[in-house]
Structures are given as structure tokens and as C-alpha cells.
Amino acid sequence: MPLFLQNRQIDRVSSTSELFSKHSHLQENARVFRSKTPTTVDPKCLLYVQQREFAATIPLDRSGATCLAHCDGSRTWSEVPLIVKAVTSLTGAVKDGRYELHLVGGFDDESQTSHKLSLSLLAAFQKQQEEIHLETCCITEMNDEVVEGVHRPVVYGIGVNVKTGEVFPASFPTRGPAEDLRSARTFTGGQMVEIYDSSKEQVEIGPCKWTPNRDIAFWLAQDDDTILQYLSTSPMAEPPHFVQHIKSTIQFLLNHPTADSLFPGGQPQVFRRTQQGGWDCSPPPSPQQQQQQQQ
């Protein structure tokens, strides 16, 4: 089923510039979106979605489902159906409403990585059975600015208000829960995964698998420029926290050569909201509880 734009089907395009030239209002919408000052999200209201993760939920009044995903081009064609299924599974047999898509990210990078990912995402969503309406498209050249001769994204992060459906540029004071564990999963090749169980209102991480690799300790002794050059696809455009994030992830992997001890009994790590708004790690179920769950 093709994507829809202003209730009209849109054809496949060979470039993002073709998309924007055919649908000029997308350009204007993108300009308005990227001009907004990023909102710093209150940690008490925040679930951060990392690379190759998605989370779906519904508000208390069940007025609509929201799914936020961070795609990096690793397996776009298998990831998009997971994202769509996460929404359809929450909306069930609801007849009213429609599926709306907001694409934000990338920039006009020299290697055209963002451009290829944008086209893959558009094509993958066009292959879905559901009618999907493209509402926001702030991608590649429409999310690009030149600072001191270097192309960079304008919007680095977005937030979604699950009560209203509003999508907005955002910054995040925390990236948890379990930031290092989740980053380690991705760093060692983990693919797209759902991290939130809305029926239980809890984050579930893992279980994960990785093999010991002491050689990565090499990177802890390297300067920022070296890490950016070899461990980033866009070394001139990374946010300020990138290098420290990479080093913290590597140190976590060195501290935990395998993931077995992090998931007793092969059970995921589970996090629930505290009364103060943070995330608290719940103890894994006992063997007796596991048996009861299986029954």
C-alpha cells in the first residue's frame, strides 16, 4: 500500500530531493519543525530510545498508540514491519483514526548514508499493508545545516508526547534506564528490539549475548579525534556526548566480558517507574515464580 500525503497516494521516488520538489509543503513543514527550540524532557516523563530500539505504548484513555524507533539502516526492511506491528497490536480492532508517520533525522552527509537510509525507510513503509500517512519529513537535506564549513544535522533528537501525539525536537538529560547495557547490546551487533511492555508498564532488556573481546581496551587510550574517525559514520557531526558514550560502553563490556551474569536464569532485566519518576530494576523472578508463569 503506497504512502499517503494529504490523503493522496505518493509514488516511489529516486531521491529525497525529488520527494521535496514534488511536494513542496513537506519542505515548509520541515522548516517549521526544525526551527523549534529543542525541549529538554523531564526525566520523570522520559523513556529514552537508543539506536536499534523501539518502544510502543498507549495513553490511559487508549485514544491512540505511539511507537518511537531509532533506525540506523542495519536492517530497515525487517525493522519497519516490527514497528508497524507494534502499533497495530495496540490499536486492535479500532476502526477510527489512521496511521501517521513522522520521519526525522539524518543530514546531507558526504557519503550519502542518510540519503540511502531515508529512501530505504520510505520504500519499506510503502510496502506495508496499512495505509500510512506521511505527516512530517524532516530528513537529509531538510535537516541539514552548515557550521564552519561542516554539514551537521539541525535536529539531533525528537520526543513524542504519548498523550497528545505531538512530535517535537528534544534533548535528554538522561538516556536510561541501563544505558551502558543497552549500548553494549548494539555495539556488539544486536539488532532492532522492542524495549517496553506497555501492558505491564515496564522496560525489559535482554537477555543479550556477546563474546569476550579484550582488544577493545585499545580504544580507551585513544584521543577523541581517533575515536570519532574510526568508530563513527559521521565523525564531524556527532553530538558532544558521543566519545564519552563510546568509552563508557567499551568499559562496560570490559567489566562484563560475557552477558551471562547480567541475566540470571536467562531472564531479562526489568525496570519499573518509581514514585519519584525514576527507573528501578526489579529482581528476576524466582524459579517458583517462573514455573507459575509457565503454567
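How many residues does helix α4 have, and how far does α4 reach from its first C-alpha to its last? Helix α4 (residues 113-126) has 14 residues and reaches 20 Å, close to the 20 Å expected at 1.5 Å a residue; the expected span is 1.5 Å times one less than the number of residues. This is a predicted model, where local features need pLDDT of at least 70 and side-chain atom pairs count only at pLDDT 80 or more, while totals for chains, interfaces and linings use all residues. Residues are numbered from 1 along each chain, and side-chain values use heavy atoms, leaving out hydrogens and water. Helices (H or I, at least four residues) and strands (E, at least two) are DSSP runs, numbered from the N terminus.

**How α4 is covered**
- In α4, 11 of the 14 residues are buried (under 20% relative accessible area, 1.4 Å probe, protein chains only).
- Among them are H115, L119 and F125.
- The cover includes α1 (16-22), α3 (76-91) and β7 (132-139).

**Meeting α3**
- α3 and α4 pack at about 50°, with their axes 9 Å apart; axes are lines fitted to C-alpha atoms over the stretch in contact, and angles run from 0 to 180 degrees between N-to-C directions.
- The contact (heavy atoms within 4.5 Å) includes W77 and V80 of α3 and L117 and L121 of α4.

**The sheet**
- Four strands form an open sheet in the order β2-β1-β7-β6, with mixed pairing; strands pair if DSSP finds at least two bridges between them.
- β2 (8-9) and β6 stand at the edges with a single partner strand each, so one side of each has no neighbour in the sheet.
- β1 and β2 pair in the antiparallel sense over two bridges.

Terms used: Buried < 20%, exposed > 50% of the residue type's maximum accessible area, 1.4 Å probe, protein only.
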